[in-house]
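Me: Please take a close look at one part of this model and describe how it is put together. Keep to what can be computed from the atoms, and give the cut-offs as you go.

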Amino acid sequence: MAAVLSLSACGGGGEKSAEDDRIAGADGSGSTSAAPGPSASPEIKRPAIKLPKDMKNVFEGGGTGDPVVEAVLRDSEGRINSLDEAIHTRSLERPAFGFYNTGDAARGAAVWVQGFYDDKITWTGTVRYYDRKVTVEGRKKDKATLSYCADESKAFNKELKSGKVSDAVDGSGDSLVFYHTRLVKNDKGVWQTTDVYSKRGTSPCQ
C-alpha cells in the first residue's frame, strides 16, 4: 500500500513514499491528541479539534516557564492536530487548519493531506513528538524556529474501505522523522507555522 510521507522541504511540500513508509502526524506536549483548549490562552478563541480515539499524538517536553516558548509549543501542537483532523474528517475546510497554518506550510500541508484522500487511507496508532527545541527571534519576539523529532514506530496507515492496517516498517530509523519549522506570531497572537522542513531516518533523532 502506498503511504504518504511526512511533510518535506522548507515549504512543507508533501510527497509519496515507498511501500513501507509511515505516516507522520503533527506536534505537542506529553499527553494527548486533543487540541489546546480556550483555557490555555483565554484571550484567544482557538477552534476545537477532535480526533478519533485510535489517532493519538503524544507531545513531550514543555513546562519551560517561558510563556513565549510555551505559546510556540502550544500552537505547534495545534497545527499538528489540525492536519490529523483534516485527514480524519476528509476535509481541508476545518477551522483549525487555516488557524495554525499559513504560507508555504499551509500549501504543503494541503498537498500532504490530499495524498491521504487520493490513496483512500487514514492512520491509526500513536505518534510521539520529542526533543522539541524553540528559538525565539526578532526584537518583538514575534518569530521563532522549532525543531523536534517524531517517532512513528507505533503509527500505521489504514485503508478506509477494508480497515486493513499496514505492516511495521523494518528498521527503527525509518520510523523517525526530524522536523525544522518556522513560526510567526500573527496580529491575533497566534503562532502560525509558515515553513516546514522534514527528513526521515536522520541522526538527530534517536
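Reply: Across the protein chain the mean pLDDT (the predictor's confidence in each residue, from 0 to 100) is 82, and 76% of the residues reach 70 or more. Residues 1-41 have pLDDT below 50, although this stretch has 154 contacts in the model beyond near neighbours in sequence; a contact means heavy atoms within 4.5 Å. Where pLDDT is low, the predicted coordinates should not be read in detail.

The model is predicted, so local features need pLDDT of at least 70 and side-chain atom pairs count only at pLDDT 80 or more, while totals for chains, interfaces and linings use all residues. Residues are numbered from 1 along each chain as its sequence is written, and side-chain values use heavy atoms, with hydrogens and water left out.

Helices (H or I, at least four residues) and strands (E, at least two) are DSSP runs numbered from the N terminus. Five strands form an open sheet in the order 1-2-3-4-5, with mixed pairing; two strands pair if DSSP finds at least two bridges between them. Strand 1 (55-59) and strand 5 are the edge strands, each pairing on one side only. On average, neighbouring strands of this sheet are turned by 25° against each other, direction ignored.

Helix 1 packs on the sheet, where it touches strands 1, 2, 3, 4 and 5, and its direction makes about 160° with that of strand 2. Helix 3 also packs on the sheet, touching strand 2, strand 3 and strand 5, with its direction at about 60° to that of strand 5. Such angles run from 0 to 180 degrees between N-to-C directions, and the axes are lines fitted to C-alpha atoms, for helices over the stretch in contact. Among the buried residues of helix 3 are Trp112, Val113, Phe116 and Tyr117, where buried means under 20% relative accessible area, exposed over 50% and partly exposed in between (1.4 Å probe, protein chains only). After helix 3 comes Lys120, with a positive phi near 55°.

Strand 3 pairs with strand 2 in the antiparallel sense over 14 bridges, and Thr135 stands opposite Thr145 in strand 3. Five residues lie between the strands of this hairpin, in which Gly138 has a positive phi near 85°. Strand 3 also runs antiparallel to strand 4 (residues 176-185), to which nine bridges join it. Ser147 stands opposite His180 in strand 4, and Asp151 has Leu176 of strand 4 as its bridge partner.

The structure holds one disulfide, a disulfide being a pair of cysteine sulfur atoms within 2.5 Å. This bond joins Cys149 to Cys205, with an S to S distance of 2.2 Å. Cys149 is in strand 3 and Cys205 in the segment after strand 5, so the pair, 56 residues apart, links distant parts of the chain. Because the torsion about the S-S bond of Cys149 and Cys205 is about -90°, the disulfide is left-handed. Cys149 counts as buried at 1% relative accessibility, and Cys205 is buried with a relative accessible area of 2%.
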